[in-house]
Amino acid sequence: MSVWQLVAVGLVMLLGLIGVLLPGVPGQAIVWAAVLWWALAENTPAALGVLIGATALLLLNQALKPLLPPRRPRESGAPRRTLLLGGIGAIAGFFVVPVVGAIAGYVGVIYGAERMRLGSRGAGWASVRSVMRATGYSVLVELFACLLVTGAWLGVLLRH
């Protein structure tokens, strides 16, 4: 696979990660489709292993989705911009501090944005709790699954 194709696969995955944060965009399906595209083009045991693992993880995530609270972003009281910034913070945090950085990035950025918007530390934490109850858990679990798939893809690319 050429460098340009790998860049295109990476951009599609990034689009899928952002799609997880936006209502109505099938972010998981976009990430999976990018892995499928790459695995079929590479056709190596490592690529097929990533595809199988991604499929299993994303199917498990879909099966667990009904157990999580539904997304109700309007009930959180936080502006949509804050939720989008939190998702971007999770994506950045995942790559700065692998795996656990996603959670810290999501919660930390939401807290920072809400503290700036509301003006006090207590109001910022209250807003974080409200956001996590209304949307955070389901978004975070879905985003985390997609980030793990993306991380596995990157890991295989860097290993070769």
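The questions and answers below go through helices and some residues of a predicted model. Local features need pLDDT of at least 70 and side-chain atom pairs count only at pLDDT 80 or more, while totals for chains, interfaces and linings use all residues. Residues are numbered from 1 along each chain as its sequence is written, and side-chain values use heavy atoms, with hydrogens and water left out.

Me: At what angle do helix α1 and helix α2 pack?
Reply: Helices here are DSSP runs (H or I, at least four residues), numbered from the N terminus. Axes are lines fitted to C-alpha atoms over the stretch in contact, and angles run from 0 to 180 degrees between N-to-C directions. The axes of α1 (residues 3-21) and α2 are 7 Å apart, and the angle is about 165°.

Me: Are α1 and α2 roughly parallel or roughly antiparallel?
Reply: Angles under 35 degrees count as roughly parallel, over 145 as roughly antiparallel, 65 to 115 as roughly perpendicular and the rest as oblique. With an angle of about 165°, α1 and α2 are therefore roughly antiparallel.

Me: How many nonpolar residues are in the contact of α1 with α2?
Reply: Contact means heavy atoms within 4.5 Å. The residues of α1 in this contact include Leu6, Val9 and Met13, and those of α2 include Ile30, Val31 and Trp38. Ala, Val, Leu, Ile, Met, Phe, Trp, Tyr, Cys and Pro count as nonpolar, Asp, Glu, Lys and Arg as charged, and the others, Gly among them, as polar. The contact of α1 with α2 has five polar residues, no charged ones, and a nonpolar count of 14.

Me: Is Val31 buried or exposed?
Reply: Val31 lies in helix α2, and among the residues it contacts are Met13, Cys146 and Thr150. Buried means under 20% relative accessible area, exposed over 50%, and partly exposed in between (1.4 Å probe, protein chains only). Because its relative accessibility is 0%, Val31 counts as buried.

Me: Is the crossing of α2 and α3 left-handed or right-handed?
Reply: The axes of α2 (residues 27-42) and α3 (residues 45-64) come within 9 Å and cross at roughly 165°. That makes α2 roughly antiparallel to α3. A crossing is left-handed if the near helix is turned anticlockwise from the far one by less than a right angle, and right-handed if clockwise. By that rule α2 passes α3 in a crossing that is left-handed.

Me: What distance lies between the end C-alpha atoms of α6?
Reply: The expected span of a helix is 1.5 Å times one less than its number of residues. Helix α6 (residues 100-118) has 19 residues, so it should span 27 Å. The distance between its end C-alpha atoms agrees, at 27 Å.

Me: How many charged residues are in the contact of α5 with α6?
Reply: α5 and α6 pack at about 145° with their axes 7 Å apart, and their crossing is right-handed. Among the residues that meet are Thr82, Gly86 and Phe94 in α5, and Gly105, Ile110 and Glu114 in α6. The contact of α5 with α6 divides into eight nonpolar residues, seven polar, and a charged count of one.

Me: What is the relative accessible area of Thr82?
Reply: Thr82 is found in helix α5 (residues 80-96). Not counting residues up to four places away in sequence, Thr82 touches Ile110, Ala113 and Glu114. Thr82 is buried, because its relative accessible area is 1%.

Me: How far apart in space are Ile110 and Trp38?
Reply: Ile110 lies in helix α6 and is buried, with a relative accessible area of 1%. Its contacts include Thr82 and Val128. Ile110 and Trp38 are 72 residues apart in sequence, and the C-alpha to C-alpha distance is 33 Å.

Definitions and conventions: Helix = DSSP H or I, 4+ residues; strand = E, 2+ residues; numbered from the N terminus.
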